[in-house]
Number of protein chains: 2
Amino acid sequence: MTVLLGVDVGGTITSTGAVTVDGEILVERRAPTHGEGPGRALATLLGLIADVRRAAERRGSAVTAIGVGVPGPVDTVAGRVGEHVPHVPELAGRPLAAELGTHSGLPAFVDNDVNALALGEWMFGAGRGARSLVVLAPGTGFGAGIVLDGRLVRGIAGFGGELGHTPIKFDGPPCWCGGHGCLAVYASGRGIAEAARGRVAGDADAPLLRAAGGDPQAITARLVFERAAAGDALAAAVVDEACQALGAMLGTVVNGLNPEVVIVTGGVAASFAAREARILEAARAYAFAPALAATRITIVPGDKRTSMRGAAALALYEQGRGGHAS
Amino acid sequence: MTVLLGVDVGGTITSTGAVTVDGEILVERRAPTHGEGPGRALATLLGLIADVRRAAERRGSAVTAIGVGVPGPVDTVAGRVGEHVPHVPELAGRPLAAELGTHSGLPAFVDNDVNALALGEWMFGAGRGARSLVVLAPGTGFGAGIVLDGRLVRGIAGFGGELGHTPIKFDGPPCWCGGHGCLAVYASGRGIAEAARGRVAGDADAPLLRAAGGDPQAITARLVFERAAAGDALAAAVVDEACQALGAMLGTVVNGLNPEVVIVTGGVAASFAAREARILEAARAYAFAPALAATRITIVPGDKRTSMRGAAALALYEQGRGGHAS
């Protein structure tokens, strides 16, 4: 049996798996990305790849290609990681596809992690068989990926699909990306936590701050959602704004691209799933009714395995289209 | 020589031309859309088509197909005009492609006018040869069209490319489309005029209102731009907000789709062209610098001929891809 080797390089954990052409994960391994020390992410990557490849081969499977998802933009023509990968700085500017190809003797493909995730959802997941789909992935940041007419939208400089950093409030506050009023400011894990910290600032008695043990830095998106569900008005206001912002982006996606499927996934998706009715109500305030009715919207919590399977889907996709490999 | 017959159905004027495969207009005719009375738009259309076809044939050219752009969403699979065409209500729900095909004996294709315009810019105009382009067309309303990897983005229900009605301010005011904080509210002709009317309301001495002869309804986007250029502070504030809003959409397009070319055209483009530096400054506040650097942005005033040529491009595009004709 032939398998693809999928690698999801995360800011803290790197996950690697051998995945069948049907999306089944045969073998998987993970390790701390920087586990061997700073500047050792590449060593971690190579170690995991060798390890999973051996394990797959012991089971009689042949690895045909490697796909790697990294947390930042990628020049996919050159197979080179972009300069903006703050969570794994040592990979910045690196010709990773060529390096992995030389090292393994296999075709290797590298792309943004959420582009890979979008391919995974399209080939193996909730968007299987769809002509077009958009993946919105609120995690610590806010990634996104777009597949239209069976092709991943990469754009001319590899930024295609960066919907998390498009303005949904043009006179809104600065985003850490340098933009203003980005979706990520309102609906990513970091954005939600920062919005809540802003609201409790100067109020030592704020219940949310007390729930965080008095430490603003201990306020996380998860805590904000939990306290909102428990009736905390301040937390509920932050969550409501996050849901409205996500609904606005659904409106943008539905009217602007009108894909067959939109999948909301990523680390914060489980929290958003409990607010699905509110999010869809918000989407109705922005999208054309017939366009919205034609698009299937689904919220599915994502995890490391989904991302890893996405990286394998990237390898399968690139092989299928005769993509430029190392 | 073979030619395409392009028809741009406008709210007031319908333009029809015989266009070569190189985009040259050989013959053109126009007539008031409702000139023969209400409910007579189809008769106008058929009359113009017959007229231009005869004129082209007299010059020795054979018409191979008809392309029609209409001001509203279209179900392009069925060749049926959507229900929302407020400027030409009699066409709503009409199987126009089949009707024209039967009447003329030629393959006929119908799509949204700005989708056709995008194809025209891509095949014949400022986006010629680009792999991907986005057309933003502020006129009375705000149309848009997207071509990615050589394909028009139509979406699952024909709403693909409706960027004029995507929220750029999620907590912004209602739009006439039923949405909220749409780009059209800030940067279309109607939106700019209405914003200016809102600002002069209750102030009979407002210079802009006096420039309009005291009649708020006489305030047009053109007048607002003219008075802004002449130093009217109120008009300048409206224009500045329009430029910022357009810059935000450029940020969305550049980060979200990262096309090779973005073309701003349509009836208000000439006014925006004089503010290009301000618009690009605004875009820089939203877009990733390397993504923006890779995308060519150009502002080109559009006219009826551009739209008509776009409709001919639609016919050429559909014939080229073996599109579903009547």
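In helix H3 of chain B, the buried residues are Asp113(B), Val114(B), Asn115(B), Ala116(B), Leu117(B), Ala118(B), Leu119(B), Gly120(B), Glu121(B), Trp122(B) and Met123(B). The model is a predicted one. Because 11 of the 11 residues of H3(B), which covers residues 113-123, are buried, the helix is largely enclosed by the rest of the structure.

When neighbours within four places in sequence are left aside, Leu5(B) is in contact with Thr16(B), Ala18(B), Ile49(B), Val52(B), Arg53(B), Val63(B), Ile66(B), Ala312(B) and Ala315(B).

Chain A is divided into two parts: domain 1 comprises residues 2-113 and 304-320, and domain 2 comprises residues 127-299. The centres of these two domains of chain A, taken over C-alpha atoms, are separated by 27 Å. Contact between them involves 8 residues of domain 1 of chain A and 6 residues of domain 2 of chain A. On the domain 1 side, strand E5 (74-75) and helix H12 (304-320) of chain A each supply at least two residues. By class, that side has 3 nonpolar, 3 polar and 2 charged residues.

One open sheet of chain A has 5 strands in the order E3-E2-E1-E4-E7, and its pairing is mixed. Strand E3 (25-32) and strand E7 (108-112) of chain A stand at the edges with a single partner strand each, so one side of each is left without a neighbour in the sheet. Direction ignored, neighbouring strands of this sheet are turned by 15 degrees against each other on average. Helix H12(A) packs on the sheet and touches E1, E2, E3, E4 and E7 of chain A. The direction of H12(A) makes about 125 degrees with that of E1(A).

Strand E1 of chain A, residues 2-9, is mostly covered, with 7 of its 8 residues buried. E1(A) runs parallel to strand E4 (residues 62-70) of chain A, and 7 bridges join the two. Within this pairing, Val68(A) in E4(A) is the residue opposite Val7(A). With strand E2 (residues 13-20) of chain A, E1(A) pairs in the antiparallel sense over 7 bridges. Gly6(A) has Gly17(A) in E2(A) as its bridge partner, and a hairpin of 3 residues joins E1(A) to E2(A). E4(A) is also joined to E7(A), by 5 bridges and in the parallel sense. There, Val70(A) has Asn112(A) in E7(A) as its bridge partner.

Another open sheet of chain A has 5 strands in the order E10-E9-E8-E11-E12, again with mixed pairing. Its edge strands are E10 (151-152) and E12 (296-299) of chain A, each of which pairs on one side only. Strand E11 (residues 261-264) of chain A and E12(A) pair in the parallel sense over 4 bridges. Arg296(A), in E12(A), is the bridge partner of Val261(A).

Between the chains, 40 residues of chain A are in contact with 40 residues of chain B. Helix H8 (233-256) and helix H11 (289-294) of chain A each supply at least two residues of the side of chain A that touches chain B. H8(A) gives the most to this side, with 7 residues.

Key:
Residues numbered from 1 in each chain as written. Chains lettered and ligands numbered in written order. Predicted model: local features only at pLDDT ≥ 70, side-chain atom pairs only at ≥ 80, totals over all residues. Contact = placed C-beta atoms within 7 Å. Domains from an automatic or database assignment. Nonpolar A, V, L, I, M, F, W, Y, C, P; charged D, E, K, R; others polar. Buried ≥ 20, exposed ≤ 12 C-beta atoms within 10 Å, placed from the backbone. Pairing = 2+ DSSP bridges. Axes fitted to C-alpha atoms, helices over the stretch in contact; angles between N-to-C directions.
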